[in-house]
Amino acid sequence: MATFDTVLPADSLEFCPTANFQDIFVCGTYKLVDQQQSSELEAIPISEAESSSRVTQTRRGHCLVFQVTPDPDGGLPFQRIQSFDLPAILDMKWCHRSSTAPPVLGIADSEGNITIHEWREQSLIQIDSVRCAPSDTLVLSLDWSNRRSGGTELGSLVASLSSGSLCILSPTERASLSITETWHAHDYAPWVAAWNYWDTNIIYSGGDDLKLKSWDVRQGFTHPTFVNKRFDAGVTSIQSHPHVEHLLAVGSYDDTVKLFDGRKLSSPITEVDVGGGAWRVKWHPSETRKHDLLVACMHDGFKVVRFGSASDDIDTSDGATFSDTPQVIKRNDDHESMAYGADWSYAPPLVNRETLIGGCSFYDHKMSLWSA
């Protein structure tokens, strides 16, 4: 396993999906500066309530850009090729585009902004910034709509805000993004908002109000189309399956990951106890491993969970084989703090036929590369 000290607490890691750039990945950091108590930096987990609003707070972070250079013996050397300052980073996502378009990264920060960065020559350059909320509001998550469609154009973004609102950012004729919808979605922090990658009229969201909600952009945002209230703790992560229609993974502070059929959100197909809050859930990017889910489990490291048998034929109409007993096929317990950021590489398998994985954790400001 290869490791790196991110200096500031790390909470987000994303591999570039664009062909010819799949050796690039980014890691985001988050640090709270308590200006009234000390000039020193104090880290607190973003998943817990922060100090009283009476205390003036500043949060700062870095976006660290890395390049992987695997060696013939199976090693995983990498190098940092860029670093730039931003307000504290809470989430980052690459836009899925064709190889004829340069990679684009969206970054959600602690001062109400989403910044857009494009790969030019050997580095990321900021090309746009959209203010989604006042500077005392955190952008908690973001997700691009075009995971399956690709193409050269930007997709739309959905973002969740610490105020309880969600917003949609749509591309303009000038190749930038602008806010087209904003609505109040949750009574407490909506940790995640995500598109249905198969039907981008549908958005899912979850938050500290213990609710999973679905929204249909065609019906307006006065009321959600469905609400699941059967969670024992806050909903922290959601991802639509890029290879299996109707299937989505939902993580919670209650230490479980549940799989749902999007047409029946009232009860899960199956669920698995992952030992810690499921802060990130990521389906394997390859269709040949569509049973495998990577989970950042906060207090209990990182795990790869396999739903059903990878050799089984899948009834993609309802995800039936995903109801088989899930198994943890690999775990990484080498981090000593909150496991927050995790992602699969989109590059071809390594010499051991496994896929490269990146993960990062908070208090120990540690980033690592491993494989499964």
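This is a predicted model: local features need pLDDT of at least 70, side-chain atom pairs count only at pLDDT 80 or more; totals for chains, interfaces and linings use all residues.

Me: Okay, how many helices and strands does the chain have?

Reply: The chain has 0 helices and 30 strands, where helices (H or I, at least four residues) and strands (E, at least two) are DSSP runs, numbered from the N terminus.

Me: And what share of the residues counts as buried?

Reply: Of the 372 residues in the chain, 60% count as buried, and that word means under 20% relative accessible area, with exposed being over 50% and partly exposed in between (1.4 Å probe, protein chains only).

Me: Which residues touch the most other members in the largest nonpolar core?

Reply: That core has 18 residues, and Ile114, Cys132, Trp144, Leu157, Leu169 and Leu177 touch the most other members. The elements giving two or more residues to this core include strand S10 (113–120) and strand S14 (165–171). A nonpolar core here is a set of buried Ala, Val, Leu, Ile, Met, Phe, Trp, Tyr and Cys residues joined through side-chain atoms within 4.5 Å.

Me: What is Ile114 in contact with?

Reply: If we leave aside its neighbours within four places in sequence, Ile114 is in contact with several residues, among them Ile107, Cys132, Leu157 and Leu169, where contact means heavy atoms within 4.5 Å.

Me: Switching to sheets, what is the strand order in the one with S24?

Reply: It is an open sheet of 4 strands in the order S24-S25-S26-S27, with antiparallel pairing, and two strands pair if DSSP finds at least two bridges between them. The edge strands, each pairing on one side only, are strand S24 (280–283) and strand S27 (327–332).

Me: How many bridges are there between S25 and S26?

Reply: Strand S25 (residues 292–296) and strand S26 (residues 302–306) pair over 5 bridges in the antiparallel sense, and Val295 has Lys303 in S26 as its bridge partner.

Me: Which residue does Lys303 form a salt bridge with?

Reply: Lys303 forms a salt bridge with Asp300, and the closest N and O atoms are 2.6 Å apart. A salt bridge is a side-chain nitrogen of Lys or Arg within 4 Å of a carboxyl oxygen of Asp or Glu. Lys303 is buried, with a relative accessible area of 3%, whereas Asp300 counts as partly exposed at 23% relative accessibility.

Me: How many salt bridges are found in the whole structure?

Reply: A search of the whole structure finds 15 salt bridges. In one of them, the side chains of Lys282 and Glu14 meet at 2.8 Å, N to O. This pair links distant parts of the chain, with Lys282 in strand S24 and Glu14 in strand S2 (residues 10–15), 268 residues apart.

Me: Are those two buried or exposed?

Reply: Lys282 counts as buried at 4% relative accessibility, and Glu14 counts as buried at 5%.

Key
Residues are numbered from 1 along each chain as its sequence is written. Side-chain values use heavy atoms; hydrogens and water are left out.
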